[in-house]
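Subject: Structure for your review

Dear colleague,

Please find below the structure I mentioned, together with its sequence. My notes on what was found in it follow directly after.

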Amino acid sequence: MEQQQTTAVESEAGLKEEMKTESILRQVTHSAVILTADLLDPCKTNPPPMTASSGHNGTRVKNEAEYPTLRRFCLMRQDIVEPLLVFCNHAIRMRDTRSCTVAVRLFISLIPEFRPIEGPPTTLVNPDDGATAEQRNKAWQEPPNAAPAIREFISRDVLKACVTSFNEPYFVEVQKELASLIAAIVVHYGALTTTPRDMLLSLPNINVDELNRLTPYIAKPGSHTRQQRAIVLELLKELKGLVEEQEADT
């Protein structure tokens, strides 16, 4: 009897320790996701320009327009943006709905950044100190040199992560957000690559006609986002559970 009680106590203690460890890990993960979202926050602007005292009047040292925002700086640097995107992709599969939601919303804001802008492209993607403010502003609006590869990564890996999470009961609370991200990938990149369409058509029980309902939005991907989400929800309604079964068989 005493041995059974001792075993029960040890088992309970082990369970509490495991839950504590999982809670700490989840909190650290969420903090990392929040930090990434903060780096790429589209609403964050540059702080007021620094001033240096010169007699009674303050003289502006640098013009704020000469520098990109933190988000734009990260997107301009391939060695920065790619690891951040890979981490956010993993966050979509993390067993933490808070982290998943933040990552999904961040991707939705980032997807338009990697579309080619209208007009003749500029070669001044990373202007040096000799560039004018006008040249810098134009260059900062250009997608980075790695934009085609990033589009393929989002169209393939991020889309796959979205579909997989969408079909797991754990992520039922974020299904609408996941559907919005899937729709954004299809309508923003549908004219640039066939990967999103091919990925979705490779899934079982996908209605081609339902998928084609997203085509009219490709011309104006930022319009009627709720309707786009509704189409994706309808498109994937017969898919639940099948993706997990297929992955288990492979």
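I begin with a helix pair: the axes of helix 3 and helix 4 come within 8 Å of each other and cross at roughly 135 degrees. Please bear in mind throughout that the model is predicted.

Overall architecture

The protein has eleven helices and two strands. Along the sequence, the elements follow the pattern α-β-β-α-α-α-α-α-α-α-α-α-α. Of the 250 residues in the protein, 37% are buried. Among contacts with a separation of 6 or more, 70% are between residues 24 or more positions apart.

Two further helix pairs

In general, two packed helices are described by the angle between their axes and the distance between the axes. Helix 4 also packs on helix 7: the axes of the two come within 9 Å and cross at roughly 25 degrees. Helix 4 is therefore roughly parallel to helix 7, as angles under 35 degrees count as such. Helix 4 passes helix 7 in a left-handed crossing. Helix 4 contributes Cys100, Thr101, Val104, Arg105, Phe107 and Ile108 to the contact, and helix 7 contributes Glu177, Leu178, Ser180 and Leu181. By class, the contact of helix 4 with helix 7 comprises six nonpolar, two polar and two charged residues.

Helix 7 has another partner in helix 10, where the axes are 8 Å apart and the packing angle is about 105 degrees. Since an angle from 65 to 115 degrees counts as roughly perpendicular, helix 7 and helix 10 are described in that way. From helix 7, the contact draws on Gln175, Lys176, Ala179, Ser180, Ile182, Ala183 and Val187. Helix 10 brings Gln228, Arg229, Val232 and Leu233. The residues of this contact divide into six nonpolar, three polar and two charged.

The nonpolar core

In soluble globular proteins, nonpolar side chains tend to be buried together. Which residues touch the most other members of the largest nonpolar core? In this core of 54 residues, they are Ile92, Phe114, Ile154, Val158, Leu178, Leu181 and Leu200. At least two residues of the core come from each of helix 1 (2-39), helix 2 (70-76), helix 3 (78-92), helix 4 (97-110), helix 6 (147-166), helix 7 (175-189) and helix 10 (225-235). As for Val158, its contacts beyond four places in sequence are Asn89, Ile92, Phe107, Phe153, Leu181 and Ile185.

Individual residues

Thr195 is located in helix 8, which covers residues 195-201. Is Thr195 buried or exposed? Thr195 is buried, because its relative accessible area of 16% lies under the 20% cut-off. Not counting residues up to four places away in sequence, Thr195 touches Glu152, Ser155 and Arg156.

Phe73 belongs to helix 2. Its relative accessibility is 34%, so Phe73 counts as partly exposed. Phe73 is in contact with Pro68 and Ile80, leaving aside neighbours within four places in sequence. Leu40 is 33 residues away from Phe73 along the chain, and the C-alpha atoms of the two are separated by 9.2 Å.

Asn205, in the loop between helix 8 and helix 9 (208-212), has a phi near 60 degrees, a positive value in a residue other than glycine. His224 lies in the loop between helix 9 and helix 10. Although His224 is not a glycine, its phi is positive, at about 50 degrees. With a relative accessible area of 48%, His224 is partly exposed.

With kind regards

Conventions: Residues are numbered from 1 along each chain as its sequence is written. This is a predicted model: local features need pLDDT of at least 70, side-chain atom pairs count only at pLDDT 80 or more; totals for chains, interfaces and linings use all residues. Side-chain values use heavy atoms; hydrogens and water are left out. A nonpolar core is a set of buried Ala, Val, Leu, Ile, Met, Phe, Trp, Tyr and Cys residues joined through side-chain atoms within 4.5 Å. Buried means under 20% relative accessible area, exposed over 50%, partly exposed in between (1.4 Å probe, protein chains only). Helices (H or I, at least four residues) and strands (E, at least two) are DSSP runs, numbered from the N terminus. Contact means heavy atoms within 4.5 Å. Axes are lines fitted to C-alpha atoms, for helices over the stretch in contact, and angles run from 0 to 180 degrees between N-to-C directions. Angles under 35 degrees count as roughly parallel, over 145 as roughly antiparallel, 65 to 115 as roughly perpendicular and the rest as oblique. A crossing is left-handed if the near helix is turned anticlockwise from the far one by less than a right angle, and right-handed if clockwise. Ala, Val, Leu, Ile, Met, Phe, Trp, Tyr, Cys and Pro count as nonpolar, Asp, Glu, Lys and Arg as charged, and the others, Gly among them, as polar.
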